[in-house]
Amino acid sequence: EALKPVVTASQTLGSGEVDWEFTNPISSGGPLVFVIEEFDDLNNFRVLLPTRPNGSFGWISANDIKLTRHNFRLQIDLDAFQLTLFNHEEEIWQATIGVARENAPTPSGRYYTTELLRPPTPHSVYGTFAYGLSGFSEVFMEFAGGPGQLGIHGTNDPDTLGSNVSSGCIRLHNDDISYLVESVGLPLGVPVD
């Protein structure tokens, strides 16, 4: 979790250094969150970045963040329409999901939960809760005026679960997303593969 109002992440590429700036808190009012992939001897962390292109990473200073730890991860099997929750390496829960249509595929890769939103009405396409992910649609540059950010969210149409129905997001039954939020207390910064 970032401590400063602006956090800079840097990546050295063959042609030089690329810098990203991220504001804290994020636009929804929640904290800026990163997932640490590795660290070096200089007290810097290699983190996944919540930006395009998907899979971007950068190095940030340990002085810019507050470390928190949990043992959760989510695994999405797009072909089997299944979300699996792990605690350490133990599988603790599964749910049937709705996934992307063929013309708007969910990009594969490693992402993480960046924010938790509660839509104003549970009867919307986003259901009772929505976790924002660090990944973005590779087809749509925006969803409903937003930046095309992918998510894991409930649905107002549970009969579509187990099918290719979304524009890239992962849809869960409202009872299932509520279970993750209210019973498990799934935090931000959960890796999603």
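The model is predicted. Its largest pocket has a volume of about 670 Å³, and the second largest pocket holds about 480 Å³ of space. The lining of the former comprises 26 residues, and that of the latter 22 residues.

**Largest pocket**

- Of the residues that line the largest pocket, Ile36, Thr68, Arg69, His70 and Gly189 lie nearest its centre.
- Three strands, β3 (35-39), β4 (44-48) and β6 (72-77), each contribute at least two residues to the lining of this pocket.
- Strand β3 gives the most to the lining of the largest pocket, namely 3 residues.
- By residue class, the lining of the largest pocket consists of 14 nonpolar, 5 polar and 7 charged residues.

**Second largest pocket**

- Nearest the centre of the second largest pocket lie Tyr126, Phe143, Gln149, His153 and Cys169, which belong to its lining.
- Strands β9 (111-117), β10 (130-136) and β11 (149-153) each supply at least two residues of the lining of the second largest pocket.
- Strand β11 provides the largest share of the lining of the second largest pocket, with 4 residues.
- The lining of the second largest pocket divides into 12 nonpolar, 8 polar and 2 charged residues.

Key:
Residues are numbered from 1 along each chain as its sequence is written. This is a predicted model: local features need pLDDT of at least 70, side-chain atom pairs count only at pLDDT 80 or more; totals for chains, interfaces and linings use all residues. Side-chain values use heavy atoms; hydrogens and water are left out. On a 1 Å grid over the protein atoms alone, a cavity is a set of points where a 1.4 Å probe fits but cannot get out, and a pocket is an open set with protein on both sides within 12 Å along at least five of seven lines; lining residues have an atom within 4 Å of a point. Grid points are joined across faces, edges and corners, and a volume is the space filled by probe spheres set on the points. Ala, Val, Leu, Ile, Met, Phe, Trp, Tyr, Cys and Pro count as nonpolar, Asp, Glu, Lys and Arg as charged, and the others, Gly among them, as polar.
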